[in-house]
Amino acid sequence: FLGAALIPALLHILAMTAGAWTVGRELRDRTLGDWLGAGGSAAGALLGKLAWPWATLTLTGLLALVGITWGRGWHPPGNLWWVAAALALLMAVSITAGAALAGITRSLRTALSGAGFFAAPAFAFSGVAFPLAGMPGSARAWAEAMPFTHYIRLQIEQLQMGAPVATSVSTVVALILATAVLGLLGATALTLAHQRPDTWGSR
């Protein structure tokens, strides 16, 4: 039970860090102009930049998911494919959040610090080790703002509870919307940063 929850929690941290690093190093090394080009689409450049780390982290997560379930002879009562789709979306929202942090702060160090601040305590606030109902209001509000909390709820619903897929549709929709919004924020921040080369180079 805990192993199945810890694996995506670790990947969530790695994905957010990867997004912050991938974009932040372009600012640190003052290569943002070469990457984005003259008049190019920041959204397209960002998508291309994040595609490879997203694919590798998602594949790692899917292999771990299959290994910990079917690989151990465990056939969950719910829909494993639905969990796999949600895991891919968790990786997408995590890596996009890291990239957006780098674009907004224009600092690799600050983006990495922010990624750690948001992602590292995600497991502790997810309701797996300590129930959300027992948390004070402020802690619960923080937990509900974290994408991992919603992903792990879906995973438990499907792997342990065998809940209908319809129960988890809202979580998948929320992860899609969060990825789109963060991607838009990241692309906008990069477009603005592209116009200010004097702000590049911050560690």
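A cavity here is a set of points, on a 1 Å grid over the protein atoms alone, where a 1.4 Å probe fits but cannot get out; lining residues have an atom within 4 Å of a point. Grid points are joined across faces, edges and corners, and a volume is the space filled by probe spheres set on the points.

Keep in mind that this is a predicted model, where local features need pLDDT of at least 70, side-chain atom pairs count only at pLDDT 80 or more, and totals for chains, interfaces and linings use all residues. Residues are numbered from 1 along each chain as its sequence is written, and side-chain values use heavy atoms, with hydrogens and water left out.

**The cavity**

Searching the whole structure turns up one cavity of 30 Å³ or more. The largest cavity holds about 70 Å³ of space. Its lining includes Ala-4, Ile-7, Pro-8 and Leu-11, along with Gly-61, Ala-64, Leu-65 and Ile-68, and also Leu-87, Tyr-151 and Gln-155. Two or more lining residues come from each of α1 (2-28), α3 (42-68) and α7 (147-161); helices are DSSP runs (H or I, at least four residues) numbered from the N terminus. What kinds of residues make up that lining? Nine are nonpolar, two are polar and none is charged.

Val-165, Val-169, Val-173 and Leu-177 make a nonpolar surface patch of about 290 Å². Such a patch takes residues with over 30% relative accessible area and no salt bridge, with nonpolar side chains (Val, Leu, Ile, Met, Phe, Trp, Tyr) joined within 5 Å. A salt bridge would be a side-chain nitrogen of Lys or Arg within 4 Å of a carboxyl oxygen of Asp or Glu. Areas come from the Shrake-Rupley method with a 1.4 Å probe.

| Residue | Relative accessible area | Class |
|---|---|---|
| Leu-177 | 53% | exposed |
| Val-173 | 41% | partly exposed |
| Val-172 | 9% | buried |
| Ala-189 | 9% | buried |

**Distances along and across**

Val-173 and Ala-86 are 87 residues apart along the chain, with their C-alpha atoms separated by 9.6 Å. Val-172 and Thr-17 lie 155 residues apart in sequence and 22 Å apart in space, C-alpha to C-alpha.

Methods: 1 Å grid on protein atoms, 1.4 Å probe; cavity = no way out; pocket = protein on both sides within 12 Å on 5 of 7 lines; lining within 4 Å. Nonpolar A, V, L, I, M, F, W, Y, C, P; charged D, E, K, R; others polar. Patch = residues over 30% accessible without salt bridge, like charges linked within 9 Å, V, L, I, M, F, W, Y side chains within 5 Å. Buried < 20%, exposed > 50% of the residue type's maximum accessible area, 1.4 Å probe, protein only.
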